[in-house]
Every structure is written in structure tokens, then in C-alpha cells.
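Hi,

Here is the structure I promised to pass on.

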Amino acid sequence: MNNKKCDTSFSSFNSGDRVLLKIRDLEKTFQNPASGESLTILKHLDFDVPEQTKIAILGHSGCGKSTLLHIIASLDHPTSGTIFFEETPLHLKDEDALSQFRRENIGMIFQFHYLLKDFTALENIFLPAYMAGEKKKDAMEKAQSLLVDVGLEKRASHLPSQLSGGERQRVAVARSLINNPKLILADEPTGNLDPENAELISQLLFDMVDQYKKSLVLVTHDMGMSEYCDRVYTIKNARLETL
Ligand SMILES: Nc1ncnc2c1ncn2[C@@H]1O[C@H](COP(=O)(O)OP(=O)(O)O)[C@@H](O)[C@H]1O
Ligand SMILES: [Mg+2]
């Protein structure tokens with residue numbers, strides 16, 4: 001538990017920080033499935049994620065937080081605007097290239113763990129690396145090491161149904177790191193946990209992000225969690241605002 005709450009008067013964004021993700025003038029419009037009316041969820045959105053920076057996004061339900069994370073993960077597309085990940089223009093890539101990009105650069109954690117129910121904790125962490133083409137032995141070594149990092153070495157052979165909610169999220173945190181992505185996206189990762197487990201998972205996530213020198217974009221309702229981040233935003237009236 002080495003993570004310290006940040007002094008909100010101080011921003012760790014220095015002009016020299018290397019920017020990992022750069023979004024410019026992004027807009028996302030959905031069609032209302034019933035009426036066909038268009039609904040603009042995000043507009044004129046500029047957003048930078050520097051390397052090794054933790055960013056929180058707050059906002060009421062339905063304001064567009066998950067939509068923004070899905071667009072960053074290239075699971076969804078913007079209606080207009082540009083997204084650069086380092087030098088790569090994601091808005092110009094095709095689906096195959098985006099899948100590969102996601103595998104190599106993005107780790108995701110959701111409110112629900114989405115672990116594969118027929119695979120053990122260790123196998124759930126191992127599989128994304130193995131499927132990305134890593135040798136079985138190397139992928140297994142990495143998975144074992146991450147399992148130890150998240151304190152679950154004694155739960156290696158447990159199926160998800162044999163783990164507590166907090167333990168499942170620990171596995172999800174470890175799995176998000178297995179392919180050594182530069183950016184972790186977390187969508188309300190503690191939203192399904194009791195307060196005690198929520199605090200444990202938050203600290204674990206922040207500690208792992210720091211230890212492995214990752215950037216984090218975290219969507220949360222938990223103001224306490226956002227206090228550990230370097231910068232906090234909210235989405236209001238389809239605009240991203242600094243808090
Ligand atoms: N595929 C879709 N088609 C139409 N509207 C959608 C779609 N996905 C999300 N929305 C709408 O976009 C808004 C933002 O959704 P979401 O990003 O999930 O919000 P949040 O994560 O902040 O709760 C909501 O009003 C939702 O109904
Ligand atoms: Mg959401």
C-alpha cells in the first residue's frame with residue numbers, strides 16, 4: 001500500500017512528459033435505435049494521456065464514460081476526430097490492425113471480471129499471452145509471477161466460481177498486465193465490490209500500475225479512488241472537463 005493520495009493542487013503533467021495517447025476534437029454520436037434520432041454523447045473532446053500517469057474520469061451514469069474507454073480501446077469508433085497512440089493514428093486503422101494494436105498495447109479491467117469460467121485463475125492470466133503467440137513456458141512463467149504479485153499464489157488452481165469477488169478482480173488485474181501493455185483501461189473496477197474489497201483492489205491496481213510503469217485511465221464513481229490519480233476529469237454535457 002504505497003500509493004499516496006495526490007495533492008490536487010499539483011499536477012504531475014510536466015511539459016516534458018511523453019504523451020502516450022492523444023485525442024483531438026473527438027465526437028461520438030449514436031442513433032437512437034427506436035426513433036433514429038441522433039444523440040451526441042461526446043463532443044469537441046481533447047484528451048492526452050502522458051506515459052506513467054494515472055487519470056480518473058468521473059461522471060453520472062450515462063454521461064459517456066464507458067463510450068470513451070471503448071473508443072480508446074478501439075472497441076468502438078469515434079464519429080469524427082483523431083486518436084493517436086504514440087505515432088499510430090488509430091482512427092485510420094482497419095479492424096485487424098486494431099485487434100493487434102489492442103492486444104499489444106491495452107490492458108482492460110471491467111466492473112464484471114469476464115474471466116473464463118472453465119479455466120483456473122492461473123490459466124485465465126496465462127491465456128492472453130499464449131494467444132498472442134508467446135511460448136507456453138514463457139507465458140506460464142509470467143502468469144505465475146503476476147499471480148504472486150496479486151497475492152493469489154495459493155489460488156492458482158481455483159476456478160472463478162471458487163474465488164471471492166475481490167479475488168476475481170485480482171485475477172483480472174493480473175490478466176490486464178500479462179501482455180505488458182503501456183495503457184491500462186479500467187471501467188468501474190471496484191463497482192461490484194464491498195467497500196473493504198474496493199479499497200484493496202484500488203490499492204493493488206495503483207501499486208501494479210506504478211510498479212510496472214504503466215499509464216491508467218480509470219472510470220469510477222468513487223471519489224476516494226480518484227484522489228490517488230494524477231489528474232481527474234468529468235464528462236458533463238458531452239464535454240470533458242478538468243476537476
Ligand atoms: N450502442 C449504442 N447505441 C445507442 N446509444 C448508446 C449505445 N451505447 C451507449 N449509448 C448511450 O450513450 C450514453 C452513454 O453511455 P455509456 O458510455 O455507457 O455511459 P456511462 O458509462 O457514463 O454510464 C447513454 O445514454 C447510452 O444510452
Ligand atoms: Mg459505464
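Leu26 stands opposite Leu45 in β2. That pair belongs to β1 and β2, which run antiparallel and are joined by nine bridges. The two make a hairpin with six residues between them, and Gly36 in the turn has a positive phi of about 80°. For the bookkeeping, strands (E, at least two residues) and helices (H or I, at least four) are DSSP runs numbered from the N terminus, and two strands pair if DSSP finds at least two bridges between them.

Before going further, the conventions: this is a predicted model, where local features need pLDDT of at least 70, side-chain atom pairs count only at pLDDT 80 or more, and totals for chains, interfaces and linings use all residues. Residues are numbered from 1 along each chain as its sequence is written, chains are lettered from A and ligands numbered from 1 in the order in which they are written, and side-chain values use heavy atoms, with hydrogens and water left out.

Back to the strands. β1 and β2 sit in an open sheet of four strands, ordered β2-β1-β4-β5 with antiparallel pairing. β2 (38-50) and β5 (88-89) are at the edges with a single partner strand each, so one side of each has no neighbour in the sheet. On its other pairing, β1 meets β4 in the antiparallel sense over five bridges; there, Glu27 has Ser80 in β4 as its bridge partner. β4 (residues 80-85) is joined to β5 by two bridges, again antiparallel, and Phe84 is partnered with Pro89 in β5. β4 and β5 form a hairpin too, with two residues between them and a positive phi of about 50° at Glu86 in the turn.

Thr234 has Glu241 in β10 as its bridge partner. Two residues separate the strands of this hairpin, and Asn237 in the turn has a positive phi of about 50°.

As for distances to ligand oxygen atoms:

- Thr67: 2.5 Å from a side-chain N or O atom
- Gly62: 2.7 Å from a backbone N or O atom
- Ser66: 2.9 Å from a polar side-chain atom

Ligand 1 exposes 570 Å² when taken alone, and the protein buries 60% of that (Shrake-Rupley, 1.4 Å probe).

The largest pocket has a volume of about 510 Å³. A pocket here is an open set of points on a 1 Å grid over the protein atoms alone, where a 1.4 Å probe fits, with protein on both sides within 12 Å along at least five of seven lines; lining residues have an atom within 4 Å of a point. The volume is the space filled by probe spheres set on the points, which are joined across faces, edges and corners. Of the 17 lining residues, Arg102, Arg103, Ile106, Met108 and Pro128 are closest to its centre.

Cheers

Notes. A polar contact is a pair of N or O atoms within 3.5 Å; within protein, one must be able to donate a hydrogen and the other to accept it, and residues adjacent in sequence count only if both atoms are side-chain atoms.
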